[in-house]
Amino acid sequence: MIQISIPPTLRRFCGDQENVAVAPGTVASAIEQLHDRFNGIRDRLLDPQGNVRGSVLVFVNQEDIRFLQNQQTPLSPGDVVSIIPAFAGG
Amino acid sequence: MSDKQGYMKALKCRECGREYPLTATHVCEFDFGPLEVAYDYERIRKSLSREAICSRPQTMWRYHELLPVAGEPTVGRQVGYTPLVKADRLAKRLGIRELRVKNDAVNYPTLSFKDRVVSVALSRSVELGFKTVACASTGNLANSVAANAAAAGLDAYVFIPSDLEQGKIVNSLVYGANVIGIKGHYDEVNRLCAEIAGKYGWAFVNVNMRPYYAEGSKSMGFEIVEQLGWRIPEHTIIPMASGSLLTKVHKAYQEFIKIGLMGEAKWKMHGAQATGCSPISAAQKAGLDFFKPVKPNTIAKSLAIGTPADGFYALKVMKETGGHSDDVTDDEIREGIRILAEDEGIFAETAGGVTVGVAKKLIASGRIAADSSAVLCITGNGLKTIEAMTGHVGQTRDIRPSLREFEALLAQDKPQLVKG
């Protein structure tokens with residue numbers, strides 16, 4: 001299974017879970033599976049055109065998906081997906 | 001001023017406008033948009049006049065109504081009001097009529113503009129009842145959180161990339177802060193901190209306290225206007241890491257107009273980056289309104305944010321004001337540091353070299369007209385990034401304590417000065 005790490009902001013929309021397990025596939029299919037279980041999540045993560053919102057960062061095994069294949073990035077068993085808000089300066 | 005909210009009304013999503021209570025939270029639940037502080041400008045207009053400002057102590061808190069702290073500030077009460085230096089020698093070298101340097105290299109107490117944002121973030125954290133404060137940092141922020149937390153009696157955890165300049169590490173450790181070095185880029189440090197902030201409920205100044213924190217940067221803009229004799233500069237050149245400072249100085253100019261302290265004016269905001277981490281300037285130069293994230297590789301470590309949170313907004317501000325962006329190589333950064341030091345006696349850190357280097361390019365290309373006035377924002381002190389200049393500024397020449405040896409040396413350099 002794939003583990004999706006849910007950010008604190010979204011947890012109350014995901015049954016207060018820190019992690020949700022989904023089946024392998026791609027980042028896009030993982031978001032769809034999350035949406036099937038927790039209705040409305042997709043629209044919080046994706047803009048109306050279906051792209052990941054600019055204010056959202058998605059990592060697969062600690063690598064930003066924009067350096068991989070974006071939503072087409074493949075996910076194999078054991079992979080970890082992290083969703084977090086974009087970073088402020090420091 | 002009310003006890004709980006001061007002149008603040010709510011936190012408001014920058015994307016969809018939904019409002020949230022004034023707590024420690026930073027993103028909209030609906031679209032992950034950043035939350036910003038919304039103010040009651042009508043009340044501020046009645047309270048804040050030029051006369052009122054001029055009657056107050058010379059710190060950033062003389063603009064208190066426009067900063068998101070409800071009561072009197074409790075942390076960093078002496079911060080700000082740094083010199084705005086008329087830089088005639090540098091102006092001549094760069095070929096511009098009028099140039100000033102806003103010198104936050106001497107900001108109190110940790111020699112960077114971060115003391116502005118931290119004093120706001122920690123004062124607000126105290127108001128919200130936090131005892132532990134934290135940050136993800138490229139160095140300057142860590143120094144400022146460590147120092148200001150120590151002075152306020154707060155427990156501090158600072159998270160930094162483990163390869164930072166030694167000066168910045170010692171400058172955090174000395175205050176007794178818990179300094180955690182992370183083996184990775186700032187972006188990776190920040191990702192970890194987003195997770196820690198969610199789990200431990202601390203006041204992370206640039207994570208869950210970000211709406212308050214970021215507003216502190218406006219004070220740099222307020223001061224520039226006041227110190228220029230209540231005038232908004234034609235051009236402001238600002239280094240960009242996340243892009244937040246550029247958007248906030250712009251907001252400061254707008255707010256002074258909004259509350260009636262200034263008449264309508266036009267100005268241009270320009271952004272400076274290092275070539276080794278230039279997602280925003282690359283997008284601006286290509287005419288795009290979005291950026292492609294990068295993996296940083298530059299000596300300007302304080303600007304090394306490859307996925308800048310406010311990049312989109314910084315691009316928008318530059319476009320709206322007709323400003324431009326550019327980037328400079330490591331050698332150009334060092335040259336920028338050197339000419340600022342040689343011409344104005346100001347030793348800036350690498351981000352300052354970036355700002356000077358980009359100003360030079362924008363003036364040379366005519367994007368900033370020769371017959372105009374500009375302000376360069378210098379955000380940190382060169383003593384913190386000594387490594388960047390070591391081996392690039394010549395070296396001492398050692399002699400014995402002998403007049404004869406000194407005169408032999410002088411005869412090599414400037415024989416006309418040697419007295420027979």
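This is a predicted model: local features need pLDDT of at least 70, side-chain atom pairs count only at pLDDT 80 or more; totals for chains, interfaces and linings use all residues.
Helices (H or I, at least four residues) and strands (E, at least two) are DSSP runs, numbered from the N terminus.

**The sheet of chain B**

- Six strands of chain B make an open sheet with mixed pairing, in the order 4-5-13-10-11-12; two strands pair if DSSP finds at least two bridges between them.
- Strand 4 (84–86) and strand 12 (325–328) of chain B are at the edges with a single partner strand each, so one side of each is left without a neighbour in the sheet.
- On average, neighbouring strands here are turned by 25 degrees against each other, direction ignored; axes are lines fitted to C-alpha atoms, for helices over the stretch in contact, and angles run from 0 to 180 degrees between N-to-C directions.

**Cover over strand 11 of chain B**

- Seven of the seven residues of strand 11 of chain B are buried (20 or more other C-beta atoms within 10 Å of a residue's own; 12 or fewer is exposed, in between partly exposed, with C-beta atoms placed from the backbone).
- Both faces are covered, with B:K268, B:H270, B:A272 and B:A274 on one side and B:M269, B:G271 and B:Q273 on the other.
- Helix 13 (330–344) of chain B lies across strand 4, strand 5, strand 11 (268–274) and strand 12 of chain B, at about 95 degrees to strand 12 of chain B.

**Helix 10 of chain B and its partners**

- Helix 10 (244–258) packs against helix 12 (311–321) of chain B at about 45 degrees, with axes 8 Å apart.
- That angle makes helix 10 of chain B oblique to helix 12 of chain B (under 35 degrees is roughly parallel, over 145 roughly antiparallel, 65 to 115 roughly perpendicular, the rest oblique).
- Helix 9 (218–227) of chain B packs with helix 10 of chain B at about 55 degrees, their axes 7 Å apart.
- Helix 9 of chain B is therefore oblique to helix 10 of chain B.

- An open sheet of five strands in chain A has the order 2-1-7-4-5 and mixed pairing, with strand 2 (19–22) and strand 5 (63–64) of chain A as its edge strands.
- Strand 1 (2–5) and strand 2 of chain A are antiparallel over four bridges, with A:S5 opposite A:N19.
- Between the chains, 21 residues of chain A are in contact with 31 residues of chain B (C-beta atoms, placed from the backbone, within 7 Å).
- Helix 1 (8–11), strand 4 (56–60) and strand 7 (80–85) of chain A each give two or more residues to that side of chain A.

How values were computed. Residues are numbered from 1 along each chain as its sequence is written. Chains are lettered from A and ligands numbered from 1 in the order in which they are written. Two residues are in contact if their C-beta atoms, placed from the backbone, lie within 7 Å.
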